[in-house]
Amino acid sequence: MEVLQFIDTKTVPDIVHTYSPELKKNAVPIIIDNGSYTCRVGWATSSEPLIQFRNLIAKPRRERLKKDTIEIPQTPQLQVGNDIVNIEAVRFQLKTQFDRNVVTHFEAQEHLLDYAFSHLGINTEDCVPHPILCTEAVLNPNTSRQLMSELLFECYNVAGICYGIDSIFGYHNYHKPMESALIVNLGYQYWYCCHIIPVLNNQTNFENTRRLNTGGFHIVNFLHRLLQLKYPVHATAITVSRAEELLHNVCRVAVDYREELKKWANAEFYENNVKKIQLPFTINTITSAVTLEQQKERKRELARRLIEINARKREERLAEDEEKIGQLLDIKEMIELGADRETIERTLTEFQIKNVLDLEKTIFTLNTKIEKTKQKILAASSNIDEMEEPQAKQSKFSKMAFESDKEMYVFVQNVRKLKQEILTKKMVRKQRKQDMAKRRTAAGQERMRIISQLARKEKGNDDFGMRDEDWDIYKTISKDGGDSDSEAENEKLLEFDEILRTHEPSELGDCSQPGEAHQLHIGVEMFRGPELIFKPYMIGSQEAGLSEVIAYVLSLFNPDDQLKLASNVVVTGGLADLPGLRDRLLTDLISVRPFKSTVNITIINNASLSSWYGARNFAQSAEFMDTLVTKKMYQEMGAEYFKVHKYSNPFNASPTSIAVEGDLCV
């Protein structure tokens with residue numbers, strides 16, 4: 001079976017494009033598809049967006065300086081968009097301008113706009129003398145749009161602004177846009193939510209539009225946690241970026257999720273359909289650059305140094321013994337010359353010697369010790385250059401010859417049985433020792449009962465240990481359970497392991513290939529992740545799934561309008577490319593629609609860029625200039641004002657505070 005590899009794609013920093021005089025002179029509109037996952041920016045005259053980058057900034061924390069230092073703290077370098085080469089390295093420093101599907105963090109939005117305009121070649125210090133067509137969320141709050149207009153007009157002094165809904169732009173870029181459609185947007189706010197938007201007679205019905213607060217962000221996190229729980233050893237290697245890569249390249253939507261789970265319960269089906277993903281790993285190979293002769297010489301040198309160290313220690317001990325025996329001989333001579341008794345006793349006490357007889361014995365012992373030490377020194381000095389090379393350590397057990405495979409099988413099974421018996425005994429002793437230490441276990445209570453009986457004996461009759469049967473009582477109340485792991489058992493275990501390793505290498509878990517221990521087996525997980533948008537309760541959400549929300553939106557219309565919408569369901573966005581999504585939606589909708597009712601589902605080609613293409617086509621039309629809000633209108637009508645068109649949200653002015661005059665009731 002083919003083993004797949006993680007691509008671990010690294011972003012490439014964007015180049016700064018040429019800002020030609022023709023673009024500035026003609027005031028070509030700039031199209032900004034401001035998605036919460038990816039931002040796409042380009043000129044209205046371009047066939048493709050010039051810049052595509054993740055809508056993220058990485059703001060490193062300032063390093064804390066020590067109190068003794070007087071250095072001026074430097075501001076950490078801010079990374080924006082595709083300047084973030086390795087997202088996982090700065091995962092905990094990432095920030096986005098979105099909160100759910102609404103732009104709320106305008107400091108981050110300003111950094112991202114600076115990045116976009118500067119890579120288009122525009123000097124943002126002066127102004128951006130171009131009209132801006134910017135996408136926004138369905139039913140975007142007035143406060144968000146107000147702050148966005150303030151940022152574009154006050155900070156960049158743009159020529160004009162037009163807002164539109166990305167999924168509506170994407171639908172009208174579809175090669176067969178009809179007057180009525182049910183748009184299922186799985187792309188805008190890819191990270192957080194999905195939208196179901198009904199369009200009747202080219203009019204968007206915002207009243208019956210619904211949002212599902214489950215999106216790609218939840219799927220990626222769910223898949224990430226599933227794999228980390230399945231492979232806790234490789235938890236650090238299973239990153240969010242790799243889970244996202246699996247979602248795009250491996251995952252698919254099950255037409256019938258329950259039936260799919262039953263298939264994967266079959267071992268043969270699992271082996272034939274599982275996807276194996278190889279994690280990066282390094283093989284620890286121990287290679288020596290030295291030759292065999294050099295290794296032998298190194299061993300001889302180490303042995304020679306060890307002999308020299310031991311000889312030096314013997315010489316030091318010999319000098320100490322010779323000095324001590326010289327002092328003892330002086331004391332003996334002093335006694336023979338007839339020194340007074342008090343002086344002799346004081347001198348013997350200083351050397352911790354009791355009497356003259358003990359002095360003679362100590363002198364004799366030291367003489368014997370000195371002679372042996374001298375003999376060892378002479379033997380070591382004569383043999384230091386005659387060292388033999390130590391023999392290579394051979395395996396204690398070589399592979400035995402058997403008359404038949406059955407005989408070898410019986411032998412191996414017997415060895416395995418003996419090994420298991422020793423392990424069982426060790427486990428029983430360990431458990432008994434633990435039970436002895438606990439208070440409420442039977443073993444612990446029995447131990448305390450015996451100890452209490454022994455304690456009742458009178459002190460005068462304390463003869464415990466005088467009889468042989470007392471040893472049995474001691475073993476019973478011992479915390480070690482009366483037995484411990486002997487060296488013989490440990491040696492037997494090592495012997496059995498070597499036998500099993502020789503005759504059955506797989507017994508000890510040796511892999512035929514070193515990389516097999518670093519592989520992810522993606523089986524049912526490839527269906528379980530995308531299933532989340534149909535079953536949000538899998539992550540504890542109480543919301544309905546995608547198919548249920550679509551059925552509910554259809555139920556809000558009369559039968560004729562339901563037929564129009566169900567016969568033209570258009571799916572757009574990043575998640576629309578998941579294999580099996582169309583078949584799953586078709587199956588679910590057929591099950592809730594009337595018998596023989598028409599249901600048609602279409603996935604937009606290149607769904608992730610369809611919104612930008614639709615916005616570009618609108619910017620090239622004559623209607624676009626009439627929908628622009630200029631700075632003069634912005635100053636007169638207010639920051640939240642914008643012009644309504646068929647691609648935009650409805651405009652509902654925010655209510656002003658009204659002072660109510662009346663009598664105060666006390």
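**Note on charged patches and aromatic pairs**

1. Helices α9 and α11 (356-383) each supply at least two residues of the positive patch, where helices are DSSP runs of H or I with at least four residues, strands are runs of E with at least two, and both are numbered from the N terminus. This is a predicted model, in which local features need pLDDT of at least 70 and side-chain atom pairs count only at pLDDT 80 or more, while totals for chains, interfaces and linings use all residues. Residues are numbered from 1 along each chain as its sequence is written, and side-chain values use heavy atoms, with hydrogens and water left out.

2. The positive surface patch is formed by K313, R317, K372 and K376, and K376 lies in helix α11. Patches are made of residues with over 30% relative accessible area and no salt bridge, with like charges joined within 9 Å and nonpolar side chains (Val, Leu, Ile, Met, Phe, Trp, Tyr) joined within 5 Å. A salt bridge here is a side-chain nitrogen of Lys or Arg within 4 Å of a carboxyl oxygen of Asp or Glu.

3. A patch of negative charge on the surface gathers E315, E316, E320 and E323. E315 is found in helix α9 (residues 292-336) and is partly exposed, with a relative accessible area of 46%; buried means under 20%, exposed over 50% and partly exposed in between, with a 1.4 Å probe and protein chains only.

4. Turning to the aromatic residues, the structure holds 15 aromatic pairs, a pair being rings of Phe, Tyr and Trp (its six-membered ring) with centres within 6.5 Å, called stacked when the planes are under 30 degrees apart, edge-to-face when over 60 and tilted for the rest. The rings of Y19 and W43 have centres 6.1 Å apart and planes at 10 degrees, so this pair is stacked. Because Y19 lies in the loop between β1 (3-5) and α1 (21-26) and W43 in strand β3 (residues 38-43), the pair ties together parts that are 24 residues apart in sequence. Y19 is partly exposed, at a relative accessible area of 22%, whereas W43 counts as buried at 3% relative accessibility.

5. The rings of F53 and Y115 have centres 4.9 Å apart and planes at 70 degrees, so this pair is edge-to-face. F53 belongs to strand β4 (residues 51-54) and Y115 to helix α2 (residues 106-119), so the pair ties together parts that are 62 residues apart in sequence. F53 is buried, with a relative accessible area of 1%, and Y115 also counts as buried, at 4%.

6. Ring pairs also link Y163, Y641, F642 and F651 into a cluster.

Conventions. Areas by Shrake-Rupley, 256 points an atom, 1.4 Å probe, with all protein chains shown as cover. Lys, Arg positive; Asp, Glu negative; His and termini not counted. Charge placed at Lys NZ, Arg CZ, Asp CG, Glu CD.
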